[in-house]
Amino acid sequence: MSDPLPDALNVSVALSKRQLRRQARQQHAGLDLGRVVQDSDAIRRHLCNLPAWTGARTVHTYVNSLQGEVITRGSITAAKKAGMRVLIPYVDPSGPPMRHAELDGLDDLQAGHWGLEQPLNPRFFADLSVID
């Protein structure tokens, strides 16, 4: 007979994660859009001036899809303009929990699982060692 404790812990962790996600969504929804835009722009400017960024060939980010998230579209545009390869998370409920796909540009996006914007025709990357 297996020990019930690990299953109980898994359920507890899953519930805690769900509660934390709900709280985070509520907090994000309450943020002032002007402040989110201002802070996101400051983050983008800082990022684009980092030596690690200026020497990068491949970067990994997410595409902001939810209210209150840091707006990453400016950073993605800057990366593409600098000739960088941009990888983003790709979630497919019928496949592996999360994969990573190359993004050609912001016009290559469509709403996917959980409302996340994802590439229309994803090219998946398994070797994440290419990320600078």
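Mentor: What follows is a set of questions and answers on this predicted model.

Trainee: How many helices and strands are there in the protein chain, and in what order do the elements run from the N terminus on?

Mentor: The protein chain holds 4 helices and 6 strands. Read from the N terminus on, these elements follow the order α-α-α-β-α-β-β-β-β-β.

Trainee: What part of the protein chain is made up of buried residues?

Mentor: A residue counts as buried when its relative accessible area is under 20%. On that criterion, and taken over the 132 residues of the protein chain, the buried share is 23%.

Trainee: Which strands stand at the edges of the open sheet, and why is one side of each left without a neighbour?

Mentor: The open sheet is formed by 4 strands with mixed pairing, in the order β1-β2-β3-β6. Each edge strand has a single partner strand, so one side of it is left without a neighbour in the sheet, and the strands in that position are β1 (58-60) and β6 (123-125).

Trainee: By what angle are neighbouring strands of this sheet turned against each other on average?

Mentor: For this angle the direction of the strands is ignored, and the value is an average over neighbouring strands of the sheet, which comes to 40°.

Trainee: In what sense do β2 and β3 pair, and which residue is the bridge partner of Y90?

Mentor: Strand β2 covers residues 85-90 and strand β3 covers residues 99-103, and the two are joined over 5 bridges in the antiparallel sense. Within this pairing, the residue of β3 that is bridged to Y90 is R99.

Trainee: Which strands does helix α4 touch, and what angle does its direction make with that of β2?

Mentor: Helix α4, which spans residues 73-81, packs on the sheet, where it touches β1, β2 and β3.

Trainee: Which element gives the most to the lining of the second largest pocket?

Mentor: The second largest pocket, with about 270 Å³ of space, is lined by 19 residues, and L47, W53, H60, T61 and S75 lie nearest its centre. The elements that give two or more residues to this lining are α2 (33-48), α3 (51-54), β1 and α4. By class, the lining divides into 12 nonpolar, 5 polar and 2 charged residues. The element that gives the most, with 4 residues, is α2.

Trainee: Is S40 buried or exposed, and which residues is it in contact with beyond its neighbours within four places in sequence?

Mentor: S40 is found in helix α2, and its relative accessible area is 5%, so it is buried. Leaving aside the neighbours within four places in sequence, the residues in contact with S40 are E69, V70 and I71.

Trainee: What is the relative accessible area of I43, and what separates its C-alpha atom from that of V70?

Mentor: I43 is also found in helix α2, and with a relative accessible area of 41% it is partly exposed. Along the chain I43 and V70 are 27 residues apart, while their C-alpha atoms are separated by 8.4 Å.

Definitions and conventions
Residues numbered from 1 in each chain as written. Predicted model: local features only at pLDDT ≥ 70, side-chain atom pairs only at ≥ 80, totals over all residues. Heavy atoms only, no water. Pairing = 2+ DSSP bridges. Axes fitted to C-alpha atoms, helices over the stretch in contact; angles between N-to-C directions. Contact = heavy atoms within 4.5 Å. 1 Å grid on protein atoms, 1.4 Å probe; cavity = no way out; pocket = protein on both sides within 12 Å on 5 of 7 lines; lining within 4 Å. Points joined across faces, edges and corners; volume = space filled by probe spheres on them. Nonpolar A, V, L, I, M, F, W, Y, C, P; charged D, E, K, R; others polar. Buried < 20%, exposed > 50% of the residue type's maximum accessible area, 1.4 Å probe, protein only.
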